[in-house]
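This report describes a protein model for a reader who works with coordinates. The sequence and structure are shown first, and the description follows.

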Amino acid sequence: MIDLSPNSNQEGGIEFDSFVSVGITHPVLLENLEIMDCATPLPVQIKACPSIVEGKDVLIGTHTGSGKTLAFLTPLAERLLKGSSEIV
């Protein structure tokens, strides 16, 4: 079972305290996440971002306000900014 509680920033004993730790590395994205006061990923973002950055399909079902939109769009923007031709 995946723990998506608000205070769950760990997976398998590894702590995810920044978007860099989930695969978001483009400086423009990181700067803008900081400006928006979103420097620490939420549990849904911790689970979704790495897979989306890798180009895998992801299905997310969780409550309103959990961070789903940022979980989808940040990795897609990362891939676009990195010039990936794999985006479909």
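## Conventions

Contact means that heavy atoms lie within 4.5 Å. The model is predicted, so that local features need pLDDT of at least 70 and side-chain atom pairs count only at pLDDT 80 or more, while totals for chains, interfaces and linings use all residues. Residues are numbered from 1 along each chain as its sequence is written, and side-chain values use heavy atoms, with hydrogens and water left out.

## Overall architecture

The secondary structure of the protein chain comes to 3 helices and 2 strands; helices (H or I, at least four residues) and strands (E, at least two) are DSSP runs, numbered from the N terminus. Along the sequence, the pattern is β-β-α-α-α. Among contacts between residues at least 6 apart in sequence, 58% join residues at least 24 apart.

Of the 88 residues in the chain, 28% count as buried. Buried here means under 20% relative accessible area, exposed means over 50%, and partly exposed lies in between (1.4 Å probe, protein chains only). The accessible surface of the chain comes to about 5700 Å², and 56% of this surface belongs to carbon and sulfur atoms. Accessible areas come from the Shrake-Rupley method with a 1.4 Å probe; for residues, only the protein chains shown count as cover.

## Nonpolar cores

A nonpolar core is a set of buried Ala, Val, Leu, Ile, Met, Phe, Trp, Tyr and Cys residues joined through side-chain atoms within 4.5 Å. The largest such core has 8 residues, namely Phe16, Phe19, Val22, Ile24, Leu29, Leu33, Ile46 and Cys49. The elements that give two or more residues to this core are α1 (27–35) and α2. A second, separate core has 5 residues, among them Val44, Ala48, Ile52 and Ile60.

## Helix α2 and Gln45

The buried residues of α2 are Pro43, Val44, Gln45, Ile46, Ala48, Cys49 and Ile52. Just after this helix, Gly55 takes a positive phi of about 90°.

Gln45 is found in helix α2, which covers residues 43–53. Gln45 counts as buried because its relative accessibility is 2%. Its side chain makes polar contacts, defined as pairs of N or O atoms within 3.5 Å; within protein, one atom must be able to donate a hydrogen and the other to accept it, and residues adjacent in sequence count only if both atoms are side-chain atoms. The side chain of Gln45 reaches the backbone nitrogen of Leu42 at 2.7 Å and the backbone oxygen of Gly67 at 3.2 Å. Not counting residues up to four places away in sequence, Gln45 touches Phe19, Val22, Thr40, Pro50, Gly67, Leu70 and Ala71.

## The loop between α1 and α2

Asp37 lies in the loop between α1 and α2. Phi of Asp37 is near 60°, a positive value in a residue other than glycine. Most residues other than glycine have a negative phi. Asp37 counts as exposed because its relative accessibility is 71%.

Cys38 is found in the loop between α1 and α2 as well. With a relative accessible area of 24%, Cys38 is partly exposed. Leaving aside neighbours within four places in sequence, Cys38 is in contact with Phe19, Leu33 and Leu70. The C-alpha atoms of Cys38 and Leu70, 32 residues apart along the chain, are separated by 9.5 Å.

## Val58 and helix α3

Val58 lies in the loop between α2 and α3 (68–81). A relative accessible area of 26% makes Val58 partly exposed. Apart from its neighbours within four places in sequence, Val58 is in contact with Ala48, Ser51, Ile52 and Phe72. The C-alpha atoms of Val58 and Phe72 are separated by 8.6 Å, and the two residues are 14 residues apart along the chain.

Phe72, Leu73 and Leu76 make a nonpolar surface patch of about 240 Å². Patches are made of residues with over 30% relative accessible area and no salt bridge: like charges are joined within 9 Å, and nonpolar side chains (Val, Leu, Ile, Met, Phe, Trp, Tyr) within 5 Å. Leu73 has its place in helix α3.

## Salt bridges

The structure holds 2 salt bridges, each being a side-chain nitrogen of Lys or Arg within 4 Å of a carboxyl oxygen of Asp or Glu. In one, the side chains of Glu54 and Lys56 meet at 3.0 Å, N to O. Glu54 is exposed, with a relative accessible area of 54%, whereas Lys56 is partly exposed at 49% relative accessibility.

Glu78 forms a salt bridge with Lys82, with the closest N and O atoms 3.8 Å apart. Glu78 counts as buried because its relative accessibility is 3%.
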